[in-house]
Amino acid sequence: MATPHIDAQPGDFASTVLMPGDPLRAKALAERFLEDAQQVTSVRNMLGFTGTFHGKPVSVMGSGMGIPSISIYAEELFTRFSVSNIVRIGSCGAIASDLEMRDLVVGMGACTDSGVNRARFGGYDFAAMADPELLLPMVATAEEAHQSVRVGNLFSMDLFYHPDPDIMAMARRMGVLAVEMEAAGLYGCAAACGKRALAVCAVSDILSSGVGLSSDDRERGFHHLMELALQASLKFPE
Ligand code: HPA
């Protein structure tokens, strides 16, 4: 049955959903990488598709930007569409000084300035972390492809334009690798729903230098990330 934000039918989604932020990217990735991709939802243009990869069903759907947006879609996918695994495939800004453009960061944990996980966890600090049953196959798949990945902490910030100029230096001192805007919310949602989640992000800008990727380069980075996530999804539990 349809939910407030997803007008699909039960069984329309595969057990694994890959989520880029941009719904048009979800469409482009589904058309390029999945066989027999069918659009399954379009509420608010947050497009979702299901097809197969190497014969295994898999879905791709946009998450929108920020923790509130991804939290809505993830919760409905987990609780109403029997989805077991959500992998955010996104971009991030490098905080660690040795990260370079297009490097991949696997979010083993996700710090946040958002209040969502405290709301879920009685006011305490919940350690938002990736599910090892998704993280380990993802890292193994990247290694098999001779793609180096960094595994560590993301910082999921509510504000893209943060007013505190020192916040990135503080995060760097604490060993945080990169900033993005969704992982901590996705991990908290997966924990609350008893499901699995992972965020893998390609570096699209270097915060210390202000350098960013062109949109063509971003696109190429996304194709590579999508291929790795699809390969890894073959090893995910149902
Ligand atoms: N901040 C937040 N999210 C991001 C950034 C950033 O600088 N770059 C890519 N996603």
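Modeller: Let us go through a few of these words one by one.

Modeller: First, this is a predicted model, where local features need pLDDT of at least 70 and side-chain atom pairs count only at pLDDT 80 or more, while totals for chains, interfaces and linings use all residues. Residues are numbered from 1 along each chain as its sequence is written, and side-chain values use heavy atoms, with hydrogens and water left out.

Biologist: Why is E182 called buried?

Modeller: Buried means under 20% relative accessible area, exposed over 50%, and partly exposed in between (1.4 Å probe, protein chains only). E182 has a relative accessible area of 4%, so E182 is buried.

Biologist: And what makes S84 buried?

Modeller: The relative accessible area of S84 is 14%, and therefore S84 also counts as buried. S84 lies in the loop between α2 (67–80) and β5. Helices (H or I, at least four residues) and strands (E, at least two) are DSSP runs, numbered from the N terminus.

Biologist: Which residues is S84 in contact with, leaving aside its neighbours within four places in sequence?

Modeller: Contact means heavy atoms within 4.5 Å. For S84, the partners are S15, F78, K195, R196 and E238.

Biologist: What makes the pair E182 and R88 a polar contact?

Modeller: A polar contact is a pair of N or O atoms within 3.5 Å; within protein, one must be able to donate a hydrogen and the other to accept it, and residues adjacent in sequence count only if both atoms are side-chain atoms. The side chains of E182 and R88 make such a contact at 3.0 Å.

Biologist: Where does E182 lie?

Modeller: E182 is in the loop between β8 (178–180) and α6 (183–193).

Biologist: How do you know that α6 is mostly covered?

Modeller: Of the 11 residues in α6, 9 are buried; among them are A183, L186 and Y187. After α6 comes G194, whose phi is positive, near 70°.

Biologist: Which residues are around the ligand?

Modeller: A residue is near a molecule or strand if one of its heavy atoms lies within 4 Å of it. The residues around the ligand include S91, C92, G93 and D205. The largest share of this shell, 3 residues, comes from β5.

Biologist: How far is a polar side-chain atom of D205 from a nitrogen atom of the ligand?

Modeller: That distance is 3.2 Å. For a polar backbone atom of G93, the distance to a nitrogen atom of the ligand is 3.3 Å.
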